[in-house]
Amino acid sequence: MGRPVSVYVPCWFVADKAINFPLEVLASSGTPLVLRGKEGKPLRVRPATLGFFVLLEWIDSPFFRNPAGADLLDVCRAVACANGGRDLFPVDRARLDREAKKIAAESGAALAENFGMLCDWLLAVPWYGYEMLRNHSGGRKPERFLFAGPSIAAVIDLGAKNANLTPDQSLWELPLALAGHLAAVNDCGKLAPARPKDPDDYRRKAAEAIEREKRGELHPWQEMYPELYPLSWNQIKAQHRKKRNPKNGVS
């Protein structure tokens, strides 16, 4: 059995990660998302702030840990945290449950019919900007609490330096979607921040490239820019095998 074939796929050949641009614009501008169902009241949900995630972690929210396994009240508690913000901190669980039950009674249909959009709004869109940061982790182990002192200090510093916000405003009013993009701009300096690549598209194109390497075939980027992407050692060996045994092809 030969060595595994590895292959280089140029980053420009891989699609960017899919982004919900309308939701990103709404969140970055601080505009609430309005969910409507066939029955009940429409539901306005504020953009996520860092304080929102502090609240979710504080209550050990199932919606945050595993949204697919959260029940209706878990989801409504998360919505109450998004809309209540600073007013709910520190958490009074009885009050939070009252708010959640009210949301469920008035807008349960809107939540059920737009659950996927709600998950994007509260759990995905807030991190679009942060995904463009270069990796500065240095291999450190993650802390037990993700949204504790260091995260709070970082967003307060970001809000103060970029928008002259107070600590309370940075924590409870600054949309995390906007904070992430500010952090990405600051991180990149004079370069424009780049969207992350789609991991599924990369895996698919890497698998296709490995098969081409085994057959000694050119990659699309080699056909487009032969002067930049010469044949790999695997391609050269495969082509030599073809020449020696043209009927059987590559073994």
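E131 and K17 join their side chains in a salt bridge, with 2.5 Å from N to O. This pair connects distant parts of the chain, 114 residues apart: E131 lies in the loop between helix 6 and helix 7 (149-163), and K17 in the segment before helix 1. The model is a predicted one.

**Salt bridges**

- The structure has 16 salt bridges in total.
- R77 counts as buried because its relative accessibility is 13%, and buried means under 20%.
- D97 counts as partly exposed, at 21% relative accessibility.
- The side chains of E217 and R215 form another salt bridge, at 2.8 Å from N to O.
- E217 is partly exposed at 31% relative accessibility, and R215 is partly exposed at 35%.
- One network, made of salt bridges that share partners, comprises D74, R77, R93 and D97.

**Aromatic contacts**

- The structure contains 14 aromatic pairs.
- One of them is the edge-to-face pair of F52 and F53, with 5.0 Å from centre to centre and 70 degrees between the planes.
- F52 and F53 are both buried.
- A cluster linked by ring pairs consists of F52, F53, F64, W127, Y130 and F147.
- The ring of F13 has the charged end of K205 sitting over it, 4.8 Å from the ring centre.

**Buried side of helix 6**

- Helix 6 spans residues 115-124, and its buried residues include L118, C119, W121 and L122.
- These four residues lie on the same side of helix 6, because they cover an arc of only 165 degrees around the axis.

**Nonpolar surface patch**

- W12, M224, Y225 and L228 make up a nonpolar patch on the surface, and together they have about 420 Å² of accessible area.
- W12 belongs to the segment before helix 1 (21-28).
- W12 counts as partly exposed, with a relative accessibility of 40%.

Terms used: Residues are numbered from 1 along each chain as its sequence is written. This is a predicted model: local features need pLDDT of at least 70, side-chain atom pairs count only at pLDDT 80 or more; totals for chains, interfaces and linings use all residues. Side-chain values use heavy atoms; hydrogens and water are left out. Buried means under 20% relative accessible area, exposed over 50%, partly exposed in between (1.4 Å probe, protein chains only). Helices (H or I, at least four residues) and strands (E, at least two) are DSSP runs, numbered from the N terminus. The arc is that of the directions from the helix axis to the C-beta atoms. Rings of Phe, Tyr and Trp (its six-membered ring) pair if their centres lie within 6.5 Å; planes under 30 degrees apart count as stacked, over 60 as edge-to-face and the rest as tilted. A charge sits over a ring if NZ of Lys or CZ of Arg is within 6 Å of the ring centre and within 35 degrees of the ring normal. Patches are made of residues with over 30% relative accessible area and no salt bridge: like charges are joined within 9 Å, nonpolar side chains (Val, Leu, Ile, Met, Phe, Trp, Tyr) within 5 Å. Accessible areas come from the Shrake-Rupley method with a 1.4 Å probe; for residues, only the protein chains shown count as cover. A salt bridge is a side-chain nitrogen of Lys or Arg within 4 Å of a carboxyl oxygen of Asp or Glu.
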